Amino acid sequence: MNFSEKLLFLQDRINKRIVRDLPASTCKPARLHEAMNYSMQAGGKRLRPLLVHAAQEVYPGIHDPIAAGIALEIIHTYSLIHDDLPAMDDSDLRRGRPACHKAYDEATAILAGDALIPLAFQYLVESYREAPALALDLVHILAQTAGSEKLVGGQMMDLLAEGTKPDAQTLSYIHENKTAAMIQASLEMGFRLGEMGDDQNKLILIRQAGLRLGLAFQAVDDLLDVTSSTEMLGKDAGQDAGNQKITWVVMLGEKKARKLAEEHTQAAVQAIEKIGGNNGFLLQLIKSMLDRQM
Ligand code: GRG
């Protein structure tokens, strides 16, 4: 299998497991479960589960990486549902279809997002119950990442900064926490599932790689917002300007923002190379993220 075939193969496996393992749309109350499945099954790149898989593969172990990836995808999807709400970024389109609150209504979208949060932790615990110490570590990483000092804190700061004068320190805080933390957790959780998951030196390197990759991912996201189209992105292009967001593109211009993305990607690659092992797929995935079109 070449790189693109492997990506498609893994995305298909992840999508099938999401359909199989999440509560069906017919569960009571059906409207809530329909809305949860509507957003979970809307596609998306499944980047976080792919990163978990690739990081587990570096020193493969006996533990299944797909379940940890899906737990991250569940948290990611809740954050997208809530981010799209009128009280936050007010977006009508997500993953190429109407946002959850447009397809249903605001109250249902809030509750669908709410219900996804405990589901992620329930799913993690049920999936790794034969390895309780590992399950505890994974729950801890995900809880910390999704919490008030990372994902939610980053989102709060992002909203507070709208319409204010650009300031590099604030922007770095937002990107590290709103975006990079979930990418970092994907690599860390994947690595923990592998054979060398307790190696402290390698864990430091995987966290460094995750942070730099997450920062590169956000810089590319900012660039795509100004260079790509709504059709291509499956979400509204030009939204950052519309919401008066500060981004690296606004602060530095497109050329320097691109250079920043390249530098962060290179730093992530170097950290992964130091970890060694079977890192080929992970390195390819990291490099492909720099040239993504959506
Ligand atoms: C509501 C707590 C809370 C947080 C929201 C996800 C998020 C934080 C905001 C979305 C806006 C945004 C541009 C975030 C940074 C980059 C990002 C997370 C993009 C979306 O992720 P992709 O590109 O999306 O992996 P898909 O749809 O492919 O999964």
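The following legends describe close-up views of a predicted model.

The model is predicted, so local features are reported only at pLDDT of at least 70 and side-chain atom pairs only at pLDDT 80 or more, while totals for chains, interfaces and linings use all residues. Residues are numbered from 1 along each chain as its sequence is written, and side-chain values use heavy atoms, with hydrogens and water left out.

View 1. Lys202 belongs to helix α10, which spans residues 200-227; helices (H or I, at least four residues) and strands (E, at least two) are DSSP runs, numbered from the N terminus. Lys202 is buried but takes part in no salt bridge, and Asp199, the nearest side chain of opposite charge, is 4.5 Å away. Here buried means under 20% relative accessible area, exposed over 50%, and partly exposed in between (1.4 Å probe, protein chains only). A salt bridge requires a side-chain nitrogen of Lys or Arg within 4 Å of a carboxyl oxygen of Asp or Glu. For charge, Lys and Arg count as positive and Asp and Glu as negative, whereas His and the chain ends are not counted. A polar atom of the Lys202 side chain lies 3.5 Å from the backbone oxygen of Ile275. Apart from residues up to four places away in sequence, Lys202 touches Tyr59, Phe191, Met196 and Ile275, contact being defined as heavy atoms within 4.5 Å.

**View 2. Packing of helix α7 against helix α9.** The axes of α7 (residues 132-146) and α9 (residues 168-192) come within 10 Å and cross at roughly 175 degrees. The two helices are therefore roughly antiparallel; angles under 35 degrees count as roughly parallel, over 145 as roughly antiparallel, 65 to 115 as roughly perpendicular and the rest as oblique. Axes are lines fitted to C-alpha atoms, for helices over the stretch in contact, and angles run from 0 to 180 degrees between N-to-C directions. From α7, Leu134, Asp137, Leu138, Ile141, Leu142 and Thr145 meet Ala181, Met182, Ala185, Glu188, Met189 and Arg192 of α9.

**View 3. Buried residues of helix α15.** In α15 (residues 280-290), the buried residues are Phe281, Leu282, Leu283, Leu285, Ile286, Met289 and Leu290. Their cover includes α1 (3-21), α3 (47-58), α9, α10 and α14 (254-275).

**View 4. Contacts of Asp105.** Asp105 is situated in the loop between α5 (100-103) and α6 (106-127) and is partly exposed, at 28% relative accessibility. Neighbours within four places in sequence aside, Asp105 is in contact with Arg31 and Cys100. The side chains of Asp105 and Arg31 make a polar contact at 2.7 Å. A polar contact is a pair of N or O atoms within 3.5 Å; within protein, one must be able to donate a hydrogen and the other to accept it, and residues adjacent in sequence count only if both atoms are side-chain atoms. A polar atom of the Asp105 side chain also lies 3.2 Å from the backbone nitrogen of Ala107.

View 5. Pro29 is found in the loop between α1 and α2 (30-40), and the peptide bond from Lys28 to Pro29 is cis, with omega near -5 degrees. Asp90, in the loop between α4 (65-83) and β1 (93-94), has a positive phi near 55 degrees although this residue is not glycine. Asp90 is partly exposed, with a relative accessible area of 43%.

View 6. Arg95 and Glu73 meet through their side chains in a salt bridge (3.0 Å, N to O). Because Arg95 lies in the loop between β1 and β2 and Glu73 in helix α4, the pair ties together parts that are 22 residues apart in sequence. Both partners are buried: Arg95 has a relative accessible area of 18% and Glu73 one of 0%. Arg95, a residue other than glycine, also has a positive phi of about 50 degrees. A salt bridge likewise joins Arg94 to Asp84, with the closest N and O atoms 2.8 Å apart. Arg94 is in strand β1 and Asp84 in the loop between α4 and β1, so this pair ties together parts that are ten residues apart in sequence. Arg94 is buried at 17% relative accessible area, as is Asp84 at 1% relative accessibility.

View 7. Lys16 forms a salt bridge with Asp12, the closest N and O atoms lying 2.7 Å apart. Both residues lie in helix α1, four residues apart, about one turn of the helix. Lys16 is exposed, at 53% relative accessibility, whereas Asp12 is partly exposed, at 37% relative accessible area.
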